[in-house]
Amino acid sequence: MAAVLTPPTAPAQAGPGALPRARWGGWRERWPLLPLVATVLLPALPYGASGGGGPADLASGLAVLVCGGRLLYLRRRPLSATAALVLGLPAAGFAVATVTAADPAAAVPGLVRYLQVFVLVPVAVFLLLRDAYGFRVVGGSLVLLAVVQGVTGVHQYVTGTGASYMGEDVRAVGTFGPSDIMGMATVVAYGLLAAAACALRTPRAAPSWLRPAAAVLAVALVVPLMLSFSRGVWIATGVALLVALALAGRRQALTSLAVLGAAGVVLVGGFGVGSEMIADRAASVTRVTSTPDRSVSDRYAMWSAAGAMWRERPVTGVGLKGFPAHRDAHASIGLSSGSDTAGAGQAFRRQALLSPHNMYLLVLGEQGLVGLTALVGSWAAILVGAVRRLRRARARGHAAVDCGLVAVALMVWQSVNFLYADIGGPTTVLSGVVLGLAAWWALAEPERVGAA
């Protein structure tokens, strides 16, 4: 998406497909984007570790170090007062939950992880993006990752080499394996939304073929998304697309809905791409009291356990990383000991259920009202600010409306998806990148956002 766009330094007379030398020379000043691009692309790299940081985490750490080094070298005020408050607010909740935990030492690893994902990485993205061109580079990286994982996932479905689902090895999981079945669905959703936003509002300096190419990519990525059989991701993606369509304008919304509807009919109805399994998976969301899906009943049991932890310690929660230790004391007897995973090159194994698969309930149970208010308050401020700036940018004919659509769509997706998922796995660090992109659009100085 972004790698083909003409940067601000390019001559005005250069044609859409031209590659002026200034473009490549500009990378001498844009090299700090490289750790961000690596952070986006490396989560899909298998590293065979059951815990600890993976390649993407190392890249995100490098991005934070580069950001800190640049601040020391340039001697500039890093953040405005508003940005510092919004991006730094979650740290206060994390610190309180760590100090008040029954075992503060055991909570320290959770503190480090939460600070990385929800404070340090978003701040690094916010500060390393100089203008809309940098935003598009990172957004284009999300699309590239989604395409690679989507192709891998479709191949797994077609050849029967995916993760086990309903007795068949057909679930598309990309390179993430059955132990992280949400990984491929997450990155495909990110790329789909970024491509759809580009198709709705293509940058002015983009080549003429970018809009149709982005539209084709967005529609094509629907296939691996559906074959992931991830219900929460389907819901979050649908909501985010509807919000983006509503903010893009009535004409674009009607046209895009017609295209998506036709594509759905052709892919599922015409070719029968997983239609029976997809329909059964979607229907299982509502079967909670009659004949519930095992994963659905387990999820509701863990939600109930998180709520019980909060009622026990409503202000500060049971402490970071405290959910696994307190789960059995608060969960119903209907909760199973774990979920079965197999396929995609992995033997059968029993995976323990160590989180409620709802970020808001996880934070409420572990950090109480203090932590939830700080974290959700920060996200709400970013989302509201991003929507307000997008509406103003549309009204004024801003050149970077595409960035605003990407930021809002990704932030809406993350907010909705956290109703069905929480942090964990190699794609966790991408949540920090998404928050950073949305925060940059919502809170950066107008001259930085205006440099399209």
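At what angle do helix H8 (residues 182-200) and helix H17 (residues 401-417) pack, and how far apart are their axes? In this predicted model, local features need pLDDT of at least 70 and side-chain atom pairs count only at pLDDT 80 or more, while totals for chains, interfaces and linings use all residues. Residues are numbered from 1 along each chain as its sequence is written, and side-chain values use heavy atoms, with hydrogens and water left out.

The axes of H8 and H17 lie 8 Å apart, at an angle of about 150°. H8 is therefore roughly antiparallel to H17 (angles over 145 degrees, on a scale from 0 to 180 degrees between N-to-C directions). Helices are DSSP runs (H or I, at least four residues) numbered from the N terminus. The crossing of the two helices is right-handed (the near helix is turned clockwise from the far one by less than a right angle). Contact (heavy atoms within 4.5 Å) involves Met182, Tyr190 and Leu200 among the residues of H8, and Asp402, Trp413 and Asn417 among those of H17. By class, this contact has 12 nonpolar, 3 polar and 1 charged residues.

Helix H4 (55-74) and helix H6 (104-128) each supply at least two lining residues, and H4 gives the most, with 4. The lining has 11 nonpolar, 1 polar and 8 charged residues (Ala, Val, Leu, Ile, Met, Phe, Trp, Tyr, Cys and Pro count as nonpolar, Asp, Glu, Lys and Arg as charged, and the others as polar).

Key: Parallel < 35°, antiparallel > 145°, perpendicular 65-115°, else oblique.
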